[in-house]
Structure formats: structure tokens, C-alpha cells
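Welcome, and thanks for taking a look at this one. Below is a short briefing on charges, rings and surface features, grouped by topic so you can follow along in your viewer.

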Amino acid sequence: MYGMCGCCSALRPRYKRLVDNIFPEDPEEGLVRANMEKLTFYALSAPEKLDRIGAYLSERLSRDVARHRYGYVCIAMEALEQLLMACHCQSINLFVESFLTMVRKLLEADKPNLQILGTNSFVKFANIEEDTASYHRSYDFFVSRFSEMCHSNYEDPDIRTKIRLAGIRGLQGVVRKTVNDELQVNIWEPRHMEKIIPSLLFNLLQDPNTHSSPGSQIDRPVEQTERCFRELLSRAAYGHINTAIRPVLMHLDNHGLWEGRSLAVRCFQIIMFSIQSQHSHLVIQQLLGHLDANSQSPASVRAGIVEVLSEAAVIEASGSVGPTVLEVFNTLLRQLRQSVDYQLTGFSRTSPTEETQLQEAVIRTIGSFANKLPIYQRSEVMLFIMGKIPVPGIYPVLGSPNSGFEGSRMIQVMLLKSLLQVAQSYDSTNMLTALPSSFLQPLLSYTLMEDPEIRLLVLSILTSLIDRHHNASTLKTIRSALSDVSVLNLKVDKCSQQDNLFMRKHAQRLYRHIFLGCKEENSGRSHYEALFMLLALLSVELASEEVVVDLVRLVLALQELALANQEQLSVYNRCAIHALSAAFLSLLSHLTSIPAFCQHVRQVIEFRQKEMPYLLPSDLFTETPRLPEAVLDIGEQYLFIQTKISEIMGGNGYNTDKLNTSYTPQISDEDRLSKRKSIGDVVSLQDMEPHYNPEIQQKSPVEQITFETLKSTIVDGGSVEEQERRRQLVERFQTAPFEEIAAHCGARASLLQSKLEEIFEVTIRALPSPSGGSLPRSTPLYEMKFPDLCVY
């Protein structure tokens with residue numbers, strides 16, 4: 001009887017008759033709408049039959065697929081979709097299982113049209129919010145199949161594009177269906193992410209011309225992929241970021257996409273803008289770790305990672321800035337040192353040119369990241385970089401022992417270039433915070449280096465930090481100071497109280513380094529222009545009446561230095577110092593607006609233009625400088641007269657007592673080291689004892705040390721200057737880095753030992769006898785040998 005029921009439609013179950021009635025005789029006529037409404041009403045009235053309806057539709061669809069009756073397949077899928085949209089009863093799960101089984105059969109088919117049809121049905125299902133939860137549903141097949149479709153290599157380019165688009169839309173549907181449902185499969189597991197992420201990146205980072213044939217009107221998968229990728233990342237929680245980023249890094253490694261840079265940068269721009277801002281530092285940490293992991297990779301790969309890190313760090317810095325700031329700089333600086341080692345030791349997997357490009361990329365990254373940081377963090381970053389500059393003997397583990405002196409020099413240059421990048425973006429109104437003692441002292445010590453490139457970088461850093469009103473871009477060159485300064489539109493503000501404090505604390509140190517910098521034999525045009533710019537900015541940005549007098553005194557001392565030539569400077573250096581002095585006094589006379597001062601300076605410049613043009617910047621600081629043919633002999637009319645300037649400024653209310661005495665730089669340990677070959681000879685706390693000169697102390701007579709002398713030394717509190725010096729000493733020990741304090745103590749240990757030996761020598765030397773001779777030398781106490789039972 002059961003077999004005969006299939007032949008007689010009147011004896012078949014009602015749900016089967018209703019299902020059969022929705023199929024027309026000709027599949028081209030489409031779904032019978034009236035009968036479909038009856039089937040839908042029946043399913044809503046008898047929800048317990050819904051699972052049977054789904055099973056029967058699945059059976060018919062399987063049969064039609066096997067018989068290649070694709071018209072009826074489309075009708076069956078349309079009916080399933082309508083039932084799925086209309087029914088939300090508790091027994092919907094069984095019907096969904098039947099629906100997913102039919103979608104799976106379509107995706108397994110070889111026909112592209114059936115695969116696209118199954119994908120469209122699945123996407124519609126993914127957009128439905130189910131009322132009841134499912135505990136046993138699996139989407140592993142759909143993840144694998146849609147990922148495979150994303151990599152389709154179908155011969156016809158238009159069909160290939162359609163299949164890839166279908167795969168992308170299918171993955172998007174899987175994500176939407178599972179990402180917010182804790183009862184569903186965990187789509188963030190590595191086994192799923194390692195399929196989904198590479199499939200999306202394969203379409204996102206492909207050449208757009210490969211996705212469709214010329215003249216095709218089909219949309220490229222790139223836009224759809226980007227939407228899907230953004231949606232996936234926007235739904236990632238804190239614990240899912242690493243799982244999502246790791247396949248991205250693996251894909252870029254496996255396909256060599258770091259070297260292209262633009263594709264990798266675009267990928268991480270999408271990532272940084274899509275994830276939640278509070279999670280962005282996790283991406284930076286992943287990139288930093290990946291950069292360290294590729295330390296043995298070619299320079300082009302490392303440069304690509306650095307470029308990506310630059311873009312990602314800038315986006316992260318504008319949003320969530322956390323503890324990763326110094327970690328970024330620490331990793332970048334470590335890459336700089338490593339790149340220098342590779343370049344000098346001949347690393348086999350890279351070339352010197354590629355390493356140079358990597359170093360430039362790292363420096364650009366440091367600058368671009370620093371531009372997005374707050375002012376207070378930029379100050380910390382500058383101190384951090386300053387502490388990383390290698391000083392042999394203080395930082396013995398930095399760099400590679402194979403790179404030697406040249407490696408240390410290159411690292412110093414690279415770090416100073418990085419420091420310059422940060423300084424150029426620094427903008428502060430308070431010079432005490434911009435140039436604290438812990439930063440200014442070691443920075444100025446590098447101005448005495450023999451390497452001209454290092455000295456020029458230090459001058460550029462100082463200029464960038466002092467130039468708060470961007471007057472350097474207005475002055476441009478040293479020759480502009482000889483023209484009408486009023487045309488330059490310099491921004492001159494009244495010196496604030498903080499600026500006065502800064503100059504009182506650091507002015508003499510700045511003057512000394514400017515003076516010593518002019519004496520360097522290998523200084524060129526760029527150095528003297530940088531020194532002029534530093535003097536000009538001091539007069540524009542930080543000028544009080546006292547500072548103006550000090551600057552005039554300093555420049556007149558430079559003129560005397562070039563005239564006396566006790567340092568045996570070259571003719572070019574002497575002419576350059578005269579030209580620098582003329583340009584600065586021309587600028588300063590216009591700033592002070594003293595007519596007599598301006599007239600004197602203008603008169604000297606006019607005399608030089610007629611007879612000695614090589615003493616002016618216009619003829620000296622050119623590609624082919626004009627130098628005197630004979631011995632440089634300068635008459636009084638070509639010089640700036642100290643007495644005349646002192647009289648003019650004194651008559652206009654300036655205190656010119658200092659101008660009556662020539663300027664001489666303060667004696668310090670730096671003067672002995674002015675010709676050092678390596679920055680390893682630098683003692684960063686060189687200014688802690690500014691009045692000590694061992695040569696002078698050796699020439700002084702030996703004093704008789706008595707008990708009264710020691711007592712008076714201990715009891716005496718010292719003068720006001722001595723108390724101020726002690727206060728500065730305590731302050732520096734409180735603020736200086738530990739490495740610098742250790743270096744200073746090590747340098748002072750030898751000094752202490754020599755002083756102790758000198759004291760012992762004085763106390764134990766033979767006393768003169770009344771007859772004029774000397775008594776026999778007595779054995780000192782510490783050399784006497786006492787008996788074992790001696791009581792003392």
C-alpha cells in the first residue's frame with residue numbers, strides 16, 4: 001500500500017501535494033505564486049510539518065541536480081528562502097538543517113551558476129536573526145568552500161570574477177552569522193582565521209587588472225573584499241586582535257608583499273581604521289615583534305615592515321597612545337644599529353644601498369610618529385634617544401664589535417638624525433622644558449666632535465628647538481641678514497621670565513660652544529651658516545638687554561680670534577668668521593634700532609664691499625668662494641671697533657661693563673677634549689667642575705697642608721658662587737641619567753687618586769734641616785711593620 005500511495009497523488013500526504021503544486025510543468029514559468037502562498041499558510045498553521053517540508057524539498061532538489069534540471073533547482077531554492085523568511089517557530093532548526101544541506105549540495109556542484117545560487121541563498125539566510133539558538137550547527141564546510149571560491153582560477157575571467165565575488169559574500173555571511181552568537185562555532189579560532197584572512201587578502205591585494213577582462217562591466221572584488229575585511233575587524237574584541245593579525249603577517253611574508261610596500265601599507269591602513277581604537281596598540285606590538293623576527297631578512301623586507309609600522313603608528317598615535325610609544329622608538333633605534341652593523345660587516349643577504357634606504361625609512365618613521373605625539377611625550381622621546389647614543393666605555397654593549405669606530409660614528413649620525421626629526425616637530429613656549437639640563441649638556445658636548453657631520457646635526461637640532469616662531473625659514477641664509485631686515489618680517493616677542501631664567505642658566509654654556517665651534521678647522525659653509533642661524537635665533541627669540549650685550553661681546557671676541565689667529569686657522573676659516581660677525585652684527589643692529597650702531601655696522605660693510613668682499617657672506621659663502629691672493633691683512637676701517645660699539649650702546653641705556661673686557665670661554669674639561677676622535681671620550685657631565693684645569697693646577701706651587709687648612713676648608717661654607725655651584729651639582733646628580741653619573745664618577749676617581757697621592761707626597765716628604773740640608777727620609781706610618789703583639 002505504501003508503494004502505491006506514491007503513484008496516486010490523492011493518497012499522498014498533504015505537505016507533499018502542496019510542495020509538488022509549486023512546481024510548474026515548464027520550469028521557465030517560475031514558481032507558482034498562488035500555490036506557494038498555500039504552502040506558506042500550511043507551514044505557519046502546522047509548524048510541526050516544517051521539518052518534513054524541508055526534507056522533501058531537499059530530496060527533490062537533490063534529484064533535480066542529479067538530472068541536470070536546473071530550472072527546478074532554482075524554484076526549490078526560492079521556495080526554501082520564502083519559507084525561511086516567513087517561519088520563525090521553535091522547530092525552525094530542523095528546517096534550517098535541511099536548507100543548509102541543500103546549499104551545501106549546490107556549492108559542491110561543478111556548475112558556477114549553482115555555486116553562485118547557493119551562495120546567494122546562504123547570504124539571505126545569514127541576514128535572518130533566528131529566535132532560537134542552535135547548539136550543534138557547523139559552518140566548517142562553508143568557511144572552507146567559500147575560501148576556495150575566493151581563489152577561483154576559472155578560465156573565463158568574467159565567471160572567475162563572479163565566483164570570487166560569491167566567495168567573498170559567503171565569507172561575509174559566515175562572519176555575520178557566527179561572530180555575535182556565543183552558541184555558534186567560534187569563528188575567531190586560528191583554523192578559521194587562517195582560511196578567511198588569506199582569502200580576503202588574496203583579492204584585496206591583487207592587481208585590479210587581473211580580476212576582469214578589458215571592457216567588462218562586472219564589479220571588481222576589491223571593493224567587496226574591503227567591506228568584508230572592515231566588517232570582520234570591526235567586530236574583533238580584545239582577545240581576537242592577535243588571531244586576526246597573525247594570518248595577515250604570514251600572508252605578506254609568504255607572497256613577498258613587504259617589498260611592494262604600497263599593498264602592505266594599504267592593508268594595515270584598513271586594519272588600523274577598522275578596529276576599535278583602544279585595541280590599536282596590539283597591532284603595533286604585533287608589527288614590532290614581526291620586525292624583530294625578520295632581523296635576518298633582506299633590507300627591502302625590513303624597510304617594508306618599517307614603512308607599514310610608520311603608517312600604523314601614526315594612526316595609533318592620533319588615537320590611543322599608551323605604553324607602546326617608547327617601545328616603538330626602542331625597536332626602531334635597535335633596527336638602526338643592526339642595519340649599520342650589516343652595512344659595515346657585509347651581510348650577505350643585503351646590499352649597502354638597501355641598508356641605506358632602510359635607515360632613511362627608519363628615520364622618517366621616527367619623525368612621522370613623533371609628529372603625532374603630545375608635546376610632553378616628544379620631550380621624553382628626545383631624552384630617550386639621547387640616552388641611546390652610543391658612548392664606548394659607558395654603553396659597551398651597543399653596536400657590534402665587528403663594526404668598530406666607523407660603526408659607532410654611523411650610529412651616532414643616525415641617532416642624531418632621528419633626534420633632529422623629533423626636534424623639528426617640537427613646538428614649545430618654554431625653553432626650560434624644551435632644553436632641560438639633562439638634555440642640553442650631552443647635546444652640546446657633541447659640538448666639539450671632530451666629525452663635521454655630527455657638529456652640523458647638533459647645530460640643526462638646537463636651531464629647531466629654539467626657533468619657536470619659525471624665523472629660521474624667514475632668514476633662510478646668512479646673506480639675507482645684510483639686506484633690509486624689516487622686509488623679512490621676523491616675529492620678535494618680548495623675552496619672558498622663563499626665557500630669562502633659561503639664559504641665565506645656560507647662556508654661558510651656549511656662548512662657549514659657539515666660540516669653540518668657530519675654531520674647528522674642518523668647518524665649512526654649512527657650519528658657519530648654522531652658527532649664524534643659532535646666533536640670530538638667540539637674538540630674536542631669547543634676547544634681553546643682557547643677552548644682547550653678551551652676544552655683541554661674543555662676536556667681537558670671534559673677530560679678535562680671526563685676527564690674532566693663535567689657533568692657526570686657514571684663510572677660509574678666518575674669512576668665514578669675519579663674514580659671520582658682519583652678518584650677525586648687521587642683523588642685531590637692525591633689531592636694536594640704534595641709529596649710530598646701524599651706521600657703524602653699515603660703514604664697515606661698505607668698506608668691505610669695496611676693498612675686501614671676501615669678508616662678507618655674499619662673496620665667501622658661494623659655490624666658488626673668493627679668497628685673498630696674498631696674506632690676510634685687515635685694516636682698522638674694515639673691523640668693528642669694540643670701544644665705539646660700547647660707547648654707542650652705553651649711550652642708549654645698555655650696561656656695557658662686560659664689553660670693556662674681552663670674552664674668553666670658561667675653562668672646562670671640554671677644552672681638553674676639543675680634538676677628540678670619538679664620542680667615547682665625551683664625559684656628559686663635563687660642566688660639573690667648570691673651573692678645573694689640570695694643566696693650570698700642575699703649574700701652581702704646592703701648598704703646605706696643615707690641620708688648620710683642613711679645618712677651615714670643612715668649616716667654611718663657601719661664597720655665594722660656591723653655594724650656587726654646589727646647588728647646581730646636586731641638581732645635576734638628581735636629574736642626570738645613571739649612566740652619565742657612573743661615567744662622571746669614573747672620570748673623577750682618577751682625579752681623586754692623583755690628589756690623594758699629592759697629599760701623601762706633601763705629608764711624608766723630607767723636612768729641610770736648619771743647616772740648609774735635608775734630614776733623612778723617615779719611614780711613613782703606613783709602611784712601618786709592627787710586632788704581632790704590639791698594642792696600639
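Is Glu546 buried, partly exposed or exposed? Glu546 has a relative accessible area of 43%, so this residue counts as partly exposed. Please keep in mind that the model is predicted. With that said, here is a tour of the contacts and surface features.

**Salt bridges**

- Across the whole structure, a search turns up 26 salt bridges.
- One of them joins Glu546 to Lys658, with 3.6 Å between the closest N and O atoms. This pair connects distant parts of the chain, 112 residues apart: Glu546 belongs to helix α26 (residues 545–564), while Lys658 sits in the loop between α30 (642–650) and α31 (669–672).
- Lys658 has a relative accessible area of 32%, so Lys658 is partly exposed, and Glu546 is partly exposed at 43%.
- Arg409, Lys417, Asp451 and Glu453 belong to one network, joined by salt bridges that share partners.
- Glu148 and Arg145 also form a salt bridge, and here the closest N and O atoms are 3.3 Å apart. Both residues lie in helix α8 (residues 140–150), and because they are 3 residues apart, about one helical turn separates them.
- Asp64 is buried, with 0% relative accessibility, and Arg69 is partly exposed, with a relative accessible area of 32%.

**Aromatic pairs**

- The count of aromatic pairs comes to 14.
- Among these is the stacked pair of Tyr528 and Phe621, whose ring centres are 6.5 Å apart and whose planes make an angle of 20 degrees. Tyr528 is in helix α25 (residues 525–541) and Phe621 is in the loop between α29 (617–620) and α30, so this contact ties together parts of the chain that are 93 residues apart in sequence.
- Tyr528 is buried, at 0% relative accessibility, and Phe621 is likewise buried, at 0%.
- Phe607 and Tyr638 give an edge-to-face pair, because their planes stand at 85 degrees, with 6.5 Å between the ring centres. This pair, too, links distant parts of the chain: Phe607 is in helix α28 (residues 595–611) and Tyr638 in the loop between α29 and α30, 31 residues away.
- How exposed are these two partners? Phe607 is partly exposed, with a relative accessible area of 30%, while Tyr638 is buried, with 10%.
- Elsewhere, ring pairs connect Phe99, Phe122, Phe125, Tyr139, Phe141, Phe142 and Phe146 into a cluster.

**Surface patches**

- A patch of negative charge on the surface is formed where Glu25, Asp26, Glu28 and Glu29 gather.
- Within this group, Glu25 is placed in the loop between α2 (14–21) and α3 (33–45). Its relative accessibility is 79%, so Glu25 counts as exposed.
- What makes up the nonpolar surface patch of about 250 Å²? Leu752, Leu756 and Ile759 build this patch.
- Ile759 lies in helix α35 (residues 738–764) and is partly exposed, with a relative accessible area of 36%.

**Backbone points to check**

- Which value does phi of His470 take? Phi of His470 is near 55 degrees, which is a positive value in a residue other than glycine. His470 is found in the loop between α22 (452–466) and α23 (472–475).
- Ser593 also has a positive phi, near 60 degrees, and is a residue other than glycine. Ser593 is in the loop between α27 (571–592) and α28, and with a relative accessible area of 55%, Ser593 is exposed.

Key: Residues numbered from 1 in each chain as written. Predicted model: local features only at pLDDT ≥ 70, side-chain atom pairs only at ≥ 80, totals over all residues. Heavy atoms only, no water. Patch = residues over 30% accessible without salt bridge, like charges linked within 9 Å, V, L, I, M, F, W, Y side chains within 5 Å. Areas by Shrake-Rupley, 256 points an atom, 1.4 Å probe, with all protein chains shown as cover. Salt bridge = Lys/Arg side-chain N within 4 Å of Asp/Glu carboxyl O. Lys, Arg positive; Asp, Glu negative; His and termini not counted. Charge placed at Lys NZ, Arg CZ, Asp CG, Glu CD. Helix = DSSP H or I, 4+ residues; strand = E, 2+ residues; numbered from the N terminus. Buried < 20%, exposed > 50% of the residue type's maximum accessible area, 1.4 Å probe, protein only. Phe/Tyr/Trp six-rings, centres within 6.5 Å; stacked < 30°, edge-to-face > 60°.
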